[in-house]
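Me: I am new to this structure and would like to get to know it step by step. Could you walk me through it?

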Amino acid sequence: MTAFAAASLAPLGLWATGLIWGAPGFAAAVVWLTALIELADRIRPDPAPDAPEGAEFPGSDALLAGLALGALALWPLAVLAVAGDGGQT
């Protein structure tokens with residue numbers, strides 16, 4: 001559970017890095033979300049192969065809330081990155 005949560009939350013930091021320093025952070029987020037997560041899924045077996053139908057992932061609500069709040073917290077940085085400082089000095 002902890003490893004899954006860390007892997008799920010890592011892109012928030014990479015997106016923040018991309019918003020602050022540009023393309024390398026965004027590229028790292030894309031690599032993380034595609035290649036590394038795919039690799040992790042192939043290496044690690046299904047943790048609950050015989051889970052009953054309709055069973056929920058423990059802590060899923062907290063993880064989703066954390067992802068949503070993190071994404072909302074990055075919006076001001078995203079707007080600043082797109083809009084810039086307006087040419088004011």
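Predicted model: local features only at pLDDT ≥ 70, side-chain atom pairs only at ≥ 80, totals over all residues.

Me: Which residues is Pro-11 in contact with, leaving aside its neighbours within four places in sequence?

Reply: Pro-11 lies in helix H1; helices (H or I, at least four residues) and strands (E, at least two) are DSSP runs, numbered from the N terminus. Its C-alpha atom is 5.3 Å from that of Ala-29, 18 residues away along the chain. Contact means heavy atoms within 4.5 Å, and with those neighbours set aside, the contacts of Pro-11 are Trp-32 and Leu-33.

Me: In what order do the elements of the protein run from the N terminus on?

Reply: The protein has 3 helices and 0 strands. Read from the N terminus, the order is α-α-α.

Me: How do H1 and H2 run relative to each other, roughly parallel or roughly antiparallel?

Reply: Their axes come within 6 Å and cross at roughly 160°. Axes are lines fitted to C-alpha atoms, for helices over the stretch in contact, and angles run from 0 to 180 degrees between N-to-C directions. Angles under 35 degrees count as roughly parallel, over 145 as roughly antiparallel, 65 to 115 as roughly perpendicular and the rest as oblique. H1 and H2 are therefore roughly antiparallel.

Me: How many charged residues does the contact of H1 with H2 have?

Reply: On the H1 side, the residues include Ala-7, Leu-14 and Trp-21, and they meet a set in H2 that includes Phe-26, Trp-32 and Ile-37. Ala, Val, Leu, Ile, Met, Phe, Trp, Tyr, Cys and Pro count as nonpolar, Asp, Glu, Lys and Arg as charged, and the others, Gly among them, as polar. The contact of H1 with H2 has 15 nonpolar and 3 polar residues, and the charged ones number none.

Me: And how do H1 and H3 run, roughly parallel or roughly antiparallel?

Reply: Helix H1 (residues 2-21) packs with helix H3 (residues 60-83) at an angle of about 5°, the axes being 9 Å apart. That angle is why H1 and H3 are roughly parallel.

Me: Which residue forms a salt bridge with Arg-42?

Reply: Side chains of opposite charge can pair when their charged atoms come close. A salt bridge is a side-chain nitrogen of Lys or Arg within 4 Å of a carboxyl oxygen of Asp or Glu, and a search of the whole structure finds 1. Its closest N and O atoms are 2.8 Å apart, and the partner of Arg-42 is Glu-38.

Me: Why are Arg-42 and Glu-38 separated by about one helical turn?

Reply: Arg-42 counts as exposed at 67% relative accessibility, and Glu-38 as partly exposed at 38%. Both sit in helix H2 (residues 23-43), and the separation is about one helical turn because they are 4 residues apart.

Me: Finally, what percentage of the residues of the protein count as buried?

Reply: Ala-6 in helix H1 is partly exposed, at 47% relative accessibility. Across the 89 residues of the protein, the buried share is 13%.

Note on methods: Residues numbered from 1 in each chain as written. Heavy atoms only, no water. Buried < 20%, exposed > 50% of the residue type's maximum accessible area, 1.4 Å probe, protein only.
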